[in-house]
Amino acid sequence: MLDRPVSELSKPSRRLPNQRWQIYPQKPEFAQKLAVLINVSAIISQLLINRGIETPEQAQAFLNPESLVLPSPLEDFPDLAISLELLQNAIASQTKIAICGDYDADGMTSTALLLRSLRTLGAQVDYAIPSRMHEGYGINKRIVEEFHSEGVGLILTVDNGISAFEPVARARELGLAVIITDHHDIPQKLPPANAILNPKLIAESSPYRGVAGVGVAYILAVSLAQQLGETKGLIQPMLALFTLGTIADLAPLTGVNRRWVKRGLQHLPKSNLAGIQALIQVGGVQARGEERAEGAGGAGGDKEKLQSPVPSPKSLKPEDIGFRLGPRINAIGRIGNPQTVIELLTTDDMGVALERAMQCEQINASRQEMCQQIEQEAIAYVESEFVTSLQQDRVLIVVQPNWHHGVIGIVASRLVERYGVPVFIGTYEDGEHIRGSARSIPEFNVFEALEYCHDLLGKFGGHKAAGGFSLPAENLQVLRSRLIEFANQCLEPQHLKPLLKIDTEVNLDQINQQLYQQLNALHPCGMDNPDPVFWTANVQVVEQKIVGKGHIKLTIAQTIDNQDYRIKAIAWRWGDYFRLPPRVDVAYKLRENYFNGNTTIELELVGARLPIQIQQFFASPPISSSTSFEYNQRQYTCGFYKNGIEAELRIKNPEGKVLVMQPGHIIGLLGTNRQNAKEVDISQPQYDSIIQAALQALSVKS
């Protein structure tokens, strides 16, 4: 027998993704019954059940959001009437109105939406957005004083202001009226504004409850246009900006968001807004699914163009915005000047729009390079300093000089994806202060963690999944200890793996255009209505190669009733896992690929693990167990053996040659002794088939 471990001869690929698979409980009888009642397939009804839908009435309301009966916003938002009165009076008297926005996609689309609509309705209106680099988030006293000196009579905040007590109090002191439109959490003490529009202040049952900042701006603008009887030509442009901002801000696609976004996605390709057309053109939306979304829950993966463009689609999908348009707008807010986006979305000149869209494109390319460089530096730092203590610390605090704080939040998301722990990442603003971002896992509340450390911090804020903070550099070590203490109070070792929620199991013979078209009924997918995730057990990886900047392009196969089914797949940013083992369970989303005029369904891998059968064998192999089996009319023997710290499977043929494999390794050994053993690719069919036969024989034996 061969005595040396496989690892002596070949360096194995990095482990498979470190994930917890949570597969929804399957309810086949209930799913079948619901499927018959609402005339969909059992797969679709199971997906609806997974999303909390249990009755035919709920299903119809979800599948047809236009059937939702909406209350008037005036009924649900107590301060909407006074807001409309203030705006109407300002327009009538030509009082100067100033919008104070925010530098993220939600804030910039909100600002553009209200600028366009108020100007069209005859208002004198301008805007200001605080500097991300020098002032941070939200309206401040400097902006208030500046507005006052310019003769502004009414301030309108968008996507900020709910926590700005002092700046709002100063504005009122100076005699300015203030309308706050925001969607962030409500503080204990509300600012003394004339009117506050915030969905967190209305009934939880309201369909308007989940709107983002741009949703509040949209409700205000549409209500004002309706009261003035000037809706013609206004609604469609505002709907386009609402759709762009809602998806880019990762707002929940439920309630009115689902209804309006569905409309907006159908309208966007033919939008008469020059800025939208320029973004679609420059962003290459037609070649779908080329760049991952960024945000609290997404890694921001920068996918290269791997598909051929097709004619502009009749309707866009959320990923077209999340992957292509949103990052180009967000990049400006992170490392550029928000004025670029405001001009892009408010101009009617296609030449100006294309110029601004190209600036967005260039800045987004810089953002991508910056993210990649910082991510590589962060990983190298973590691997050298913290990787051995992660299981004990249960949180990762990474601070280095010379990182751009506008993009470190994206890098934090990628580190969460890689290491499965909450991440606090920061950079030195000067020698004495640190500014940072945090991203989390489901069991860890970022805002509560920051509150736990409040005495060590300067400014901080956020919510369960993400946050921002600053601190004196001298407090860093104490902060690290305090966060480790907090993490150990709320996290168990089993939490330290990224959670992958999976809807249902399908076989490759079920994947076709018909299923893909049925999934359209669930769109638009996004926050609180995620893209369906399927899994298939024990597939064979028959081809795989690295493409672009570290993506794996592969073909997987499954044999069903003696027939082979094959399908192509892409695994974005999985270069670290190359090469994948020959047999895996895969989890994936379905995507359409357009190439040379043909449309095919492909898989976008989001998870992979060793098949359960192999996992069980290698986790606790029956070491004393060996058996014989017949394969292709020849007798073989096989068994599990300890070699070093790992178990390995050995299969011996009648001539005395031995094939050796270890879990997760693509390379095995073949020979009669250590001197003449050669490396073989065990993913090749001739080796994979005999390994499966051996595992089957051992399964029967054990």
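1. Basis. The model is predicted, so local features need pLDDT of at least 70, side-chain atom pairs count only at pLDDT 80 or more, and totals for chains, interfaces and linings use all residues. Residues are numbered from 1 along each chain as its sequence is written, and side-chain values use heavy atoms, with hydrogens and water left out.

2. Overall content. The protein has 22 helices and 26 strands. Both are DSSP runs numbered from the N terminus: helices are H or I with at least four residues, strands are E with at least two. Of its 702 residues, 56% count as buried. Buried means under 20% relative accessible area, exposed over 50%, and partly exposed in between, with a 1.4 Å probe and protein chains only. Take the contacts between residues at least 6 apart in sequence: 66% of them join residues at least 24 apart. Contact here means heavy atoms within 4.5 Å.

3. α12 on α15. Helix α12 (residues 274-283) packs on helix α15 (residues 350-385) at about 45 degrees, and the axes are 8 Å apart. That angle makes α12 oblique to α15. The classes are roughly parallel under 35 degrees, roughly antiparallel over 145, roughly perpendicular from 65 to 115, and oblique for the rest. Axes are lines fitted to C-alpha atoms, for helices over the stretch in contact, and angles run from 0 to 180 degrees between N-to-C directions. The crossing of α12 past α15 is right-handed. Handedness is left if the near helix is turned anticlockwise from the far one by less than a right angle, and right if clockwise.

4. Residues of that contact. From α12 come Ala274, Gly275, Gln277, Ala278, Leu279, Gln281, Val282 and Gly283; from α15 come Met350, Ala353, Leu354, Ala357, Met358 and Glu361. By class, the contact of α12 with α15 has 9 nonpolar, 4 polar and 1 charged residues. Nonpolar covers Ala, Val, Leu, Ile, Met, Phe, Trp, Tyr, Cys and Pro; charged covers Asp, Glu, Lys and Arg; the others, Gly among them, are polar.

5. α14 on α15. Helix α14 (residues 339-346) crosses α15 at roughly 145 degrees, and their axes come within 9 Å. This crossing is left-handed. Thr340, Val341, Glu343 and Leu344 of α14 meet Ala353, Arg356, Ala357, Gln359 and Cys360 of α15. The contact of α14 with α15 divides into 5 nonpolar, 2 polar and 2 charged residues.

6. Cis peptides. Most residues other than glycine have a negative phi, and most peptide bonds are trans. His523 and Pro524 are joined by a cis bond, with omega about 5 degrees. Pro524 sits in the loop between α20 (513-519) and β16 (534-547). The bond from Phe578 to Arg579 is also cis, with omega near 0 degrees. Arg579 belongs to the loop between β18 (563-571) and β19 (583-595).

7. Positive phi. Asn39 is not a glycine, yet its phi is positive, near 60 degrees. Asn39 lies in the loop between α1 (28-38) and α2 (42-50). Is Asn39 buried or exposed? Asn39 is exposed, because its relative accessible area is 70%. Arg394 has a positive phi of about 65 degrees, in the loop between α16 (390-393) and β9 (396-400). Arg394 is buried, at 14% relative accessible area.

8. Cysteines. The disulfide count is 0, where a disulfide is a pair of cysteine sulfur atoms within 2.5 Å. Cys525 counts as buried because its relative accessibility is 7%. Cys638 is buried too, at 3%.
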